[in-house]
Amino acid sequence: MRILVVEDEASLREGIRDLLHGDGHTVTAVGDGVAGVEAGLGEVFELVVLDLMLPRLDGMEVCRRLRAARPGMPILMLTARGSEDDKVRGLIEGADDYVTKPFSARELLARVRALGRRAVSAESLDEVQIDGALIDLARMVVMRDGDHVALTPREVGILRWLYQHKDRVVSRAELLEQVFGQRGDLQTRAVDMAIAVLRKKVEVDPAKPRLIVSVKGAGYAWKLAR
Ligand code: CA
């Protein structure tokens, strides 16, 4: 797996990096929250190991921002012992799993491997072929007739969220909250605008969408209406 490690304690960061590297993973390690968000949005990772207490941007905010852009990317939170009050527990719940410091190498590897297995099944949408186009979500690009069009992290997030809930209609408010990380009725127009831009990239005829379908009065759906 490609794994992002965000941990400000240098010795622990190096230790985790060496451990995961030794387990066969490709590891990118950074030392603060801002760098964590930049790395996590700039590349595709199959897992993020994220410390809760970080300089510049705390782990929860990093988690929220990464979740918004990449809803399916597993996040393993590292927490300090004694920090499990109600507030922290609520925050940890935004992550897929957590490990309390100090942890053993064996414990961390076990959690990483478990999340990796889950990621493989949840993130089965790596590419979509439709109407002569290949939408490569891992590489964040749409290829059609030799042309390459780049997708933004948010656009990949929209596609993944719709796909993961393809058995139902997804409302604008849900996309706004889950993918954009925002709330508010007035902002739902931002979702429509983002969908319009995304359709121009992925649909042969954006006026007659076949991949991202509009459901009147309800929202959007993944190919539901076909
Ligand atoms: Ca820390």
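Where in the structure is the place of E7? E7 sits in the loop between β1 and α1 (10–22), with helices (H or I, at least four residues) and strands (E, at least two) taken as DSSP runs numbered from the N terminus. Before we go on, a word on the model: it is predicted, so local features need pLDDT of at least 70 and side-chain atom pairs count only at pLDDT 80 or more, while totals for chains, interfaces and linings use all residues. Residues are numbered from 1 along each chain as its sequence is written, and side-chain values use heavy atoms, leaving out hydrogens and water.

Let's begin with the sheet. Five strands make up an open sheet with parallel pairing, in the order β2-β1-β3-β4-β5. At its edges are β2 (26–30) and β5 (97–101), each pairing on one side only. Two strands pair if DSSP finds at least two bridges between them; β1 (residues 2–6) and β3 (residues 47–51) have four bridges in the parallel sense, and L4 has V48 as its bridge partner in β3.

Now for the helices that lie across these strands. Helix α2 (residues 33–42) lies across β1 and β2 and runs at about 165 degrees to β1. Helix α3 (residues 59–69) lies across β3 and β4 (75–80), at about 170 degrees to β4. Axes here are lines fitted to C-alpha atoms, for helices over the stretch in contact, and angles run from 0 to 180 degrees between N-to-C directions. Because eight of its 11 residues are buried, α3 is largely enclosed by the rest of the structure. Buried means under 20% relative accessible area, exposed over 50%, and partly exposed in between (1.4 Å probe, protein chains only). Among the buried residues of α3 are V62, C63 and L66.

Leaving aside residues up to four places away in sequence, E7 touches L12, R13, V30, G31, D51, L54, L78 and K101, where contact means heavy atoms within 4.5 Å.

The ion's protein donors are D8 (OD), D51 (OD) and M53 (O), at 2.0 to 2.3 Å. Donors are N, O and S atoms within 2.8 Å of the metal (3.2 Å for Na, K and Ca); water is not among the atoms, so sites may look incomplete. In sequence, the donor residues follow the spacing D-x42-D-x1-M. D51 is buried at 3% relative accessibility, whereas M53 is exposed at 62% relative accessible area.
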